[in-house]
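User: I'd like a close look at the aromatic rings in this one. Can you walk me through who sits next to whom?

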Amino acid sequence: SYFDDPSFRRMLENYEDEMAQNRPIFMDIDELADIADYYNLIGEYEKAMQATEISIQLHPGAVYPLVFKAHEALNRNDVAQARHFAAAIIDKEDIEYKYLVAEILIAEGDTLQADIYLENTYRATAAEDNDNVCIDCANLFLDYSHTDLSSKWLQRCHDHHSVSYKETSGKILYVQKNYKKSIEIFRELIDVNPYDARYWKILAEAHFYNYEMDEAIQCIDYAIAINPNDKDCYGLRGDCHNYLEDYTEAAKYYKRYYEADQSNIDLNLSYAIALIHTKQCNEAQDVLKHIEEALGSSQNQGQSVYTVSEERTIQLYIDLALAYTEMGDEGMVLRCLKHATSNRCTPQQLVAQGHIMLCFNHIDKAKELFVKAMYQERENEKPLLSMHIAVSLFDNGYIEQCYKILKKSLSLYKEPIIDTWPYLALCCIELHRNEE
């Protein structure tokens with residue numbers, strides 16, 4: 001790739017020497033853009049942002065650094081800040097500015113207007129650049145999981161054999177959860193370019209979601225060998241071991257991710273739970289405390305590594321409570337659940353809270369939560385919710401109550417959940433109802 005070219009390596013070395021000596025940087029906009037792209041690619045996000053800030057200071061109003069900052073704002077769901085950076089761009093005819101305007105519209109939920117805007121951009125583009133614009137538009141919509149619009153733009157390409165066409169096609173299939181076909185396409189791309197870490201990582205993700213853990217781990221190892229600084233690979237490797245219930249290995253790889261970046265709350269929780277499973281409760285407590293403090297500052301509008309909606313915050317506090325339940329820390333459980341008492345709780349979240357209450361033998365409180373959940377749930381979803389309640393009762397040793405709920409489900413619902421039968425059989429064994 002370009003980043004392996006000797007000329008780029010010399011430029012990067014000069015830049016890093018100047019930074020190390022704390023000397024002023026004097027580089028043109030394209031050089032600083034390449035350096036920021038390089039740092040972003042290898043996961044050095046702070047260094048990428050630093051190069052971008054220098055670029056803005058040296059070249060106010062330039063497209064690339066302001067687009068970079070706008071994307072960072074969009075990643076934080078700060079659309080107003082993204083608009084601010086877009087407005088500061090001088091060259092409003094630059095294609096990257098136009099893509100940014102369209103992306104802001106998509107982020108605001110106005111995909112139709114974004115599609116119209118990009119259509120006008122396409123019509124104003126020279127014929128030789130049409131395929132490039134189609135690919136860019138396809139990827140833009142794909143970043144927000146609009147696969148229908150992404151596919152529409154991709155099919156407008158004339159060259160269906162280019163690397164960029166195949167790559168985008170493979171990513172669309174991946175987002176559509178057609179993992180088998182996506183794997184085939186990225187295998188073809190790897191045959192042509194076996195040293196592209198991005199391909200290995202996407203291939204690993206596709207294998208992971210296709211429940212092929214051995215293949216996923218092998219692909220991650222290739223990606224790490226090519227780019228050992230990509231923290232996402234360590235998180236994904238941790239997920240693979242977590243799925244395989246190899247919590248020692250999972251904790252090891254989650255730790256690598258956590259040391260590089262503490263902003264992914266789902267991986268942080270997975271890390272804490274892996275530590276709990278491996279009896280590293282003090283370390284788990286530290287991670288859980290970090291999550292709780294970050295969530296608290298997010299709620300209080302303070303500085304936080306998390307940008308979280310109210311609905312997501314409720315779920316995260318329940319997840320925290322479940323983690324503390326694994327540790328047997330009832331005090332911390334109750335403290336977390338205080339933040340999850342909103343009327344906005346979903347029936348599933350109420351059942352999760354009921355399960356936690358059962359774990360600490362608060363049967364009356366659990367029953368109250370279960371009844372409330374069933375009352376709020378939609379009719380067609382009640383069989384599944386009833387099954388979740390039954391499983392919670394079974395797991396906590398309330399076999400007679402589980403048996404009664406399962407029997408009632410069979411009489412109430414025309415199409416009970418298939419797991420009803422094996423759980424009912426287990427209940428019968430425990431209750432010595434051998435003939436039944």
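Analyst: Let's start with a charge over a ring: the charged end of Arg156 sits over the ring of Tyr122, 4.4 Å from its centre. To count, NZ of Lys or CZ of Arg has to be within 6 Å of the ring centre and within 35 degrees of the ring normal. Arg433 does this too, with its charged end over the ring of Tyr403, 4.4 Å from the centre. Keep in mind that this is a predicted model, where local features need pLDDT of at least 70, side-chain atom pairs count only at pLDDT 80 or more, and totals for chains, interfaces and linings use all residues. Residues are numbered from 1 along each chain as its sequence is written, and side-chain values use heavy atoms, leaving out hydrogens and water.

Now for rings meeting rings. Rings of Phe, Tyr and Trp (its six-membered ring) pair if their centres lie within 6.5 Å; planes under 30 degrees apart are stacked, over 60 edge-to-face, and the rest tilted. That rule gives 16 aromatic pairs. One of them joins Tyr122 and Trp153 edge-to-face, at 5.9 Å centre to centre with 75 degrees between the planes. Tyr122 belongs to helix α7 (residues 111-123) and Trp153 to helix α9 (residues 147-154), 31 residues apart. Helices here are DSSP runs (H or I, at least four residues), numbered from the N terminus. Both Tyr122 and Trp153 are buried, where buried means under 20% relative accessible area, exposed over 50%, and partly exposed in between (1.4 Å probe, protein chains only).

Tyr179 and Tyr209 make a stacked pair, 5.9 Å centre to centre and 20 degrees between the planes. Tyr179 is in helix α11 (residues 179-192) and Tyr209 in helix α12 (residues 197-209), so their pairing ties together parts 30 residues apart in sequence. Tyr179 counts as buried because its relative accessibility is 12%, while Tyr209, at 41%, is partly exposed.

There's also a group: Phe3, Phe8, Tyr15, Tyr38 and Tyr39 form one aromatic cluster. Let's zoom in on Tyr39, which is found in helix α2 (residues 29-41). With 3% relative accessibility, Tyr39 counts as buried. Leaving aside residues up to four places away in sequence, Tyr39 touches Leu12, Tyr15, Glu16, Glu44, Tyr45, Lys47 and Ala48; contact means heavy atoms within 4.5 Å. Tyr39 and Asn229 are 190 residues apart along the chain, yet their C-alpha atoms are separated by 9.9 Å.

How values were computed. Helices (H or I, at least four residues) and strands (E, at least two) are DSSP runs, numbered from the N terminus.
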